[in-house]
Amino acid sequence: MASGTFGTAMEWFDFAVYGTLSATLFPSLFFPSFDDNTAVLASFATFGAGMLARPLGGIVFGVLGDRIGRRNVLMFTLVLMGLASVLIGLLPTYAVAGILAPALLVALRFLQGFALGGEASGAQILVVEHAPDDRRGMMGGILAIGSPLAQTMASVVLAGLAAVLSQEAFASWGWRVPFLMGVLLLGVGMFIRRRIEETTAFKESQQRAEASEVPQERALAVLRRRPGTVLKLVLSWGASTGLFWICVTYAVNYMTKELGYANSVTFSLLVMANLISVPAAIYGGRFSDRVGRKKTFIVGLTMQGLAAGTMFPIMNSMNFPASVAVVALALCGIQITAGTQAAFFSEALPTNMRYTGSALGMTFAGLIFGAPIPFVAAWIFQNTSNGTLALSAIGVGLVLVSITATVLLPEHYKRALHEDL
């Protein structure tokens, strides 16, 4: 449990730092030749490169995880993510390297996303398969706090640097510090993760396959045998991933650029909202062990819908406590679904295709509903007279789609994971 939570937190920390800086500082550092609006769009496009890479990582590492085991794959994703993050911290800016700087940024961002595509689902599978049958939701919920903790840590580091450094110093070298911290986090993560044992469910699945002398399933067999399940997993996770990136990327940009808040203020908002949301992940997982995954998922999605419909009007009121509250409501709803999602997705698929199918569900939801959101939001606000209304409608629409898909998914929260579906 500790290894999965720490590894996930480390990788989401790097991802979160990048997401926040892509909304604030990177437009001027890596795209200064563009006008302000185009620079923001270009910066968000590099953010999307990481999301584009996640399905590829999910496929590659998912297939490997279902074939050679969860543990070995997760060691590699940890190293790859840490290496990419440190190299981002060492990148020259456009002023030094010209067009090479944003090109390298996109390449390293792609590696980040590729690693996270395998890490996120793999850590979930590892934890859920090790957990007792009646505590899978709770264990998945504890794992899920890695994301808000990472968001909190990222926001604290960025807010602290922005507060103690001059604007020039922060733009010159301060932004590099969180990425370079990856060296220390990587060392601790590898020490913990080396002690993990392979899961019993995977070992039993391998033994059954060997005993029956049935050829191993071909790569991506889940798309042939369970295409409907994978599609419903993608759609059920669409609102959570889309609204998450609205909160931690575009909302930061909107409050800074449109409403005039200082960077330290918007970073502080994310710190408070993320801290409030941390218990929601554990609550969601624990509640799902009692009443089922679908009911808990729908509770979280409903909270997200309420936040999506009211977030920008509340921000426009310039009431900072209310802004914190509405972002916290959104993140609590997201964390309730995140705390349930690990067990929910794992139970929907058999062991020999669980890693691949779960990774496809998560990563394609990110690609379709998460990656375009910051870019689309920026374009909407730049080209429409009422961008807040349009973006609120998109958020509510995503929630309705996800609720529908969740209702159609099977409920297996009382089933042992080693049983065939």
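Residues are numbered from 1 along each chain as its sequence is written, and side-chain values use heavy atoms, with hydrogens and water left out. Because the model is predicted, local features need pLDDT of at least 70 and side-chain atom pairs count only at pLDDT 80 or more, whereas totals for chains, interfaces and linings use all residues.

**Salt bridges**

Side chains of opposite charge can pair when their charged atoms come close. With a salt bridge taken as a side-chain nitrogen of Lys or Arg within 4 Å of a carboxyl oxygen of Asp or Glu, the count comes to seven. Three of them are listed here, among them two that involve R70.

| D66 | R70 | 3.0 Å |

Helices here are DSSP runs of H or I with at least four residues, numbered from the N terminus. Both E129 and R70 are buried, and D66 is buried as well, where buried means under 20% relative accessible area, exposed over 50%, and partly exposed in between (1.4 Å probe, protein chains only).

E347 counts as buried at 1% relative accessibility, and R293 is buried at 0%. These two residues also take part in a network of salt bridges that links D133, R136, D289, R293 and E347.

Helix 16 covers residues 293–316, and its 24 residues should span 34 Å, in agreement with the 35 Å between its end C-alpha atoms; the expected span is 1.5 Å times one less than the number of residues. A kink of about 45 degrees lies at T310, shortly before the proline P313, the bend being the angle between axes fitted to the seven residues ending there and the seven starting there. The buried residues of helix 16 include R293, F297, L301, A308, F312 and M315.

In the loop between helix 16 and helix 17 lies M318, which has a positive phi of about 65 degrees although it is not a glycine. Most residues other than glycine have a negative phi. M318 counts as partly exposed, at 42% relative accessibility.

**Cysteines**

A search of the whole structure finds zero disulfides, a disulfide being a pair of cysteine sulfur atoms within 2.5 Å. The sulfur of C247 has its closest cysteine sulfur in C332, 11 Å away, which is too far for a bond. C247 is buried, with a relative accessible area of 1%, and C332 counts as buried at 13% relative accessibility.

**Nonpolar surface patch**

L52, L56, V60, L64, I68 and F110 make a nonpolar surface patch of about 470 Å². Patches are made of residues with over 30% relative accessible area and no salt bridge, with like charges joined within 9 Å and nonpolar side chains (Val, Leu, Ile, Met, Phe, Trp, Tyr) within 5 Å. Helix 3 (residues 36–68) gives the most to this patch, with five residues. L64 lies in helix 3 and counts as partly exposed at 34% relative accessibility.

Technical notes: Areas by Shrake-Rupley, 256 points an atom, 1.4 Å probe, with all protein chains shown as cover. Helix = DSSP H or I, 4+ residues; strand = E, 2+ residues; numbered from the N terminus.
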